[in-house]
Amino acid sequence: MNHSLPVEFGMTVAQFSQWLQTPGLHHFLLISGVLFSLGVFAILTRRNAIMVLMGIELVLNAANINFLAFSRYTTGTLDGHVFAIFVIILAAAEAAIALAIVLNVYQNFNSVNVDEINQLKD
Amino acid sequence: MSHETILQLTVISYLLPLLGFTILIFLNKRLPRQGDLIETGLVFLGLALSVVILAVKMGSYHDETIQGSFTWVSFGNVPGFGPMAMTLGLMVDNLSAIMLVVVYVVSAFVHLYSIGYMHGDVRYGRYFAYLGIFTFSMLGIVLTNNFFMMYVSWELVGLSSYLLIGHWFEKKSASDAAMKAFIVNRIGDVGMFIGILILFGTFHTFTFDTIFEAMKAGTIPFGSEAWLTAAGILVFCGAVGKSAQFPLHVWLPDAMEGPTPVSALIHAATMVAAGVYLIARTFPMMTADALMYIAAIGAITAFIAATIAITQNDVKKVLAYSTISQLGYMVMGLGVGAYTAGFLHLTTHAMFKAGLFLGSGSVIHAMHHALHHAGDHHTDAQDIRNMGGLRTKMPITFWTFLIYTLAISGVPLTSGFLSKDEILAGTLAYANLTGRWYVPIIAFLVAALTAFYMFRLVILTFLGEHKDHHRVEAIHESPRTMTIPLIVFAVLCLFAFFSLNPIGAASGWVYKALPRPESVVPAAVAAAGAEQFEEAVHHSHSLAMVLSLLVAGLGILVAFATYYWKKIDAESVAVKSGPLYRFLLNKWKFDELYDATAVAGTIGVSKVSRWFDNNIIDGVVNGSASWVKGLTLGTKKNWDEGSVSAIFYMVVTGALSLYIGWLVGVGMMPMDASIGAIIGYVILGFAVAGLSFFLFYVGVGGFDNHIVDGLVNATAYLAGFLGLLARRIQTGRVQTYLVFVILGVLVLFLWFR
């Protein structure tokens, strides 16, 4: 009963709950993968610039979970944890700057709708 | 002293003047006294060496020839010729050893004399450098054992002569004379060159001894005796040019434009003697016909020059014609077979003729000084009619000059008497053997004339009264640097240096050292052998001596009677023989004759060549240039703009197209083609012709404009079109761009892992 992935691959509910109760590396990677995809989706499809920024945050946090999971389950050291703290700090700085950019964009274009900011062409 | 040592000394003595030349020509302005003492010192050192070499040669190796050769360049196996190499070298035999001393004695004392004579000259240092290169070249002629080095040195002495005659080149007559000397020499050299080529072609070597040995073994040029005679006469042509024989004697009187020491060195004692030396060197290969030709030329030259000399009034011109005449004597002597006599006369003549020129230089120097003192710039310092009575003011010059004159006139107890006597005996022997009596008749006549004009010169210059009393007061003897050489040469005019017997040279050391070389030509064409000749000379010797004393005495007597005792009036003789006198005074009009024929002919040829070059050759060049210019425009543009003749262009291109078509068609047609194939190739040819005509029509310009530019424009249009297509990707929205980025990353990860 050593399945790595849940239901869609032929598991019963009981097997599923059993899989859920013993968290391993795969679980965390799965979650970070899902988060990453959602984040990318948000970046590519949201109209509002702030929503794009949120997508960026999601991507960053997905990366963080990845770091932590590998740190916990592969090496026993705290390398990944420390790196995750770096990422959080950088994400905070980057969010501040990104918001500053959005503010400037609003002042120039009078809107935060990314579809309207289409001047990057000839 | 071994052979090697002698050869080494010879090489050193050969190269010393070259060293002097090299030092002086580059550094003369920076050296003290412009380097004259360095040059003179080197030459005197060479003189000492040459005397040592002669002494050793005469003492230890009297009958040997010491040679040293080396292969300068080897061409390996030349197709159609065989192995070809150029071997050069030096030889020391009695002939070259004696000539070496002669050249050095004259050169050294002329150097010394020049220190006095050329004092203050505008190109003093360069003059000495040129004397050095001349001495070096002359020694090259003397010491070499092969025709090649002799020819090279031959040309070099010609060059040195040119440089020295034209020393005062600002004067047009001097530079003209230099060119005349060089060109006339060159004419003779052409003959010599052809002769050398005939010999090289036959014997594949330049070395004298090798050639003579091969001839002795039976090889002769082209297997024909006529060619052998021709080769001998052609080589003699070089001597005709260099030794101022008829008909190439015209350069020597003009060469008197050079400084007098130059005249003494080159045009009296050494360079002009080189021709005689050449005949002496190549004597074994001369056939009887060649020798007859040589003797005839010599006699004619001696006669013509002597008749001119009796009328000349410029002291140097008298001496110049005297030189030509005496050279004729030497050549004649060699031609009749009196080999040793001819060469002996060369050596004695070198001494007294050099002395005569130096003496005349002394007189001219003094006259210049006196005229300058009197502020007279018009009177000719060299005209003997302006001289007279210089005997008391210039005693050394006078007495030495007198000794030289006695020598040249053939008065007993002088060296000149010995050599002249032997030549005269030789001519009588020759006439006895061959019946050609004109040779001795001319020889004795010339002897009389020689005595006459030389004493005329002495009397008019030194004896009698000088016209201008003030002028004669300012005349004084020349400095010691000039009188010492005069004395040295006068001493060398005594008989004792050449033979201890005052009336016969045959027992002297010169005769013993230079026996007549054996002829190597086939017996059928050889001249009378040495023994036969000696016999005949022996018979004629006493008669020759009596006759020579007679004619010399006669000449001297007439000279004194006319100019000293004034019993015969020279003026009236000149007037009465009017046309004859003028003919002789004008040098037999040789220069005018040559001007009208050779010079005018050459100028005519050059005019024709110029017409050909300007019109025909330039026409072709310009025509092809304009056709190419038309090519850039193309026929159509040519027709429109007409800057180049369109019809000319079309005609040429039409012809060219047809030719190209013909080349292609005929070139590609195989030999055994059927009628159908032939027609096919013909059509192909016409097609190509048409195509090439079209291309010519369009012209290079058209080709460039339409085709090349067309390609470029098409490429640009294509790029633009593709660019417009790709433009639509640009939406301007960042998110669109991000999609492409992420797609790209995915592709990278999944495809290229």
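The model is predicted. Chain A has four helices and zero strands. Chain B has 27 helices and two strands. The contact between the chains takes nine residues from chain B and ten residues from chain A.

**Chain A**

- The order of elements along chain A is α-α-α-α.
- The radius of gyration of chain A is 19 Å, whereas a compact globule of 122 residues would have a value near 14 Å.
- The C-alpha trace of chain A spans about 60 × 35 × 25 Å along its principal axes.
- Of the 122 residues in chain A, 10% are buried.
- Counting contacts in chain A between residues at least 6 apart in sequence, 43% join residues at least 24 apart.

**Chain B**

- Chain B has a radius of gyration of 38 Å; a compact globule of 753 residues would have one near 27 Å.
- Along the principal axes, the C-alpha atoms of chain B fill a box of roughly 135 × 70 × 70 Å.
- Buried residues account for 46% of the 753 residues in chain B.
- In chain B, 78% of the contacts with a separation of 6 or more join residues 24 or more positions apart.

**Contact between the chains**

- Nine residues of chain B and ten residues of chain A make up this contact.
- On the side of chain B that touches chain A, four residues are nonpolar, four are polar and one is charged.

**Helix pair α4(B) and α11(B)**

- Helix α4 (residues 124-143) and helix α11 (residues 271-281), both of chain B, pack at an angle of about 10 degrees, and their axes are 10 Å apart.
- Because angles under 35 degrees count as roughly parallel, α4(B) is roughly parallel to α11(B).
- From α4(B), the contact uses B:Met138, B:Ile141 and B:Val142. From α11(B), it uses B:Met271, B:Ala274 and B:Tyr277.
- By class, the contact of α4(B) with α11(B) has six nonpolar residues, no polar and no charged.

**Helix pair α16(B) and α17(B)**

- Helix α16 (residues 415-434) and helix α17 (residues 438-462) of chain B cross at roughly 155 degrees, and their axes come within 8 Å.
- Angles over 145 degrees count as roughly antiparallel, so α16(B) is roughly antiparallel to α17(B).
- The crossing of α16(B) past α17(B) is left-handed.
- α16(B) contributes B:Lys420, B:Leu424, B:Thr427, B:Leu428, B:Tyr430 and B:Ala431. These meet B:Val439, B:Pro440, B:Ala443, B:Phe444 and B:Ala447 in α17(B).
- The residues of the contact of α16(B) with α17(B) divide into nine nonpolar, one polar and one charged.

**The loop between α8 and α9 of chain B**

- B:Pro247 lies in this loop, between α8 and α9 of chain B.
- The peptide bond that joins B:Phe246 and B:Pro247 is cis, with omega about 0 degrees.
- B:Val250 is in the loop between α8 (225-242) and α9 (251-254) of chain B.
- B:Val250 has 19 other C-beta atoms within 10 Å, so it is partly exposed; a buried residue would need 20 or more.
- Beyond its neighbours within four places in sequence, B:Val250 is in contact with B:Val184, B:Phe590, B:Asp591 and B:Tyr594.
- C-alpha to C-alpha, B:Val250 and B:Tyr438 are 24 Å apart in space; in sequence they are 188 residues apart.

**Positive phi in chain B**

- B:His204 is not a glycine, yet has a positive phi of about 60 degrees. B:His204 is in the loop between α6 (172-203) and α7 (208-216) of chain B.
- B:His204 has 16 C-beta neighbours inside 10 Å, so it counts as partly exposed.
- B:Lys566, also a residue other than glycine, has a positive phi near 55 degrees. B:Lys566 sits in the loop between α21 (530-563) and α22 (570-576) of chain B.
- B:Lys566 counts as exposed because it has 11 C-beta neighbours inside 10 Å, and 12 or fewer is the cut-off for exposed.
- B:Lys587 follows α23(B) and has a positive phi, near 60 degrees.
- Helix α23 (residues 578-585) of chain B has eight residues and zero of them buried, so α23(B) lies largely in the open.

Note on methods
Residues are numbered from 1 along each chain as its sequence is written. Chains are lettered from A and ligands numbered from 1 in the order in which they are written. This is a predicted model: local features need pLDDT of at least 70, side-chain atom pairs count only at pLDDT 80 or more; totals for chains, interfaces and linings use all residues. Axes are lines fitted to C-alpha atoms, for helices over the stretch in contact, and angles run from 0 to 180 degrees between N-to-C directions. Angles under 35 degrees count as roughly parallel, over 145 as roughly antiparallel, 65 to 115 as roughly perpendicular and the rest as oblique. Two residues are in contact if their C-beta atoms, placed from the backbone, lie within 7 Å. Ala, Val, Leu, Ile, Met, Phe, Trp, Tyr, Cys and Pro count as nonpolar, Asp, Glu, Lys and Arg as charged, and the others, Gly among them, as polar. The radius of gyration is taken over C-alpha atoms; the globule rule is 2.2 Å times the number of residues to the power 0.38. A crossing is left-handed if the near helix is turned anticlockwise from the far one by less than a right angle, and right-handed if clockwise.
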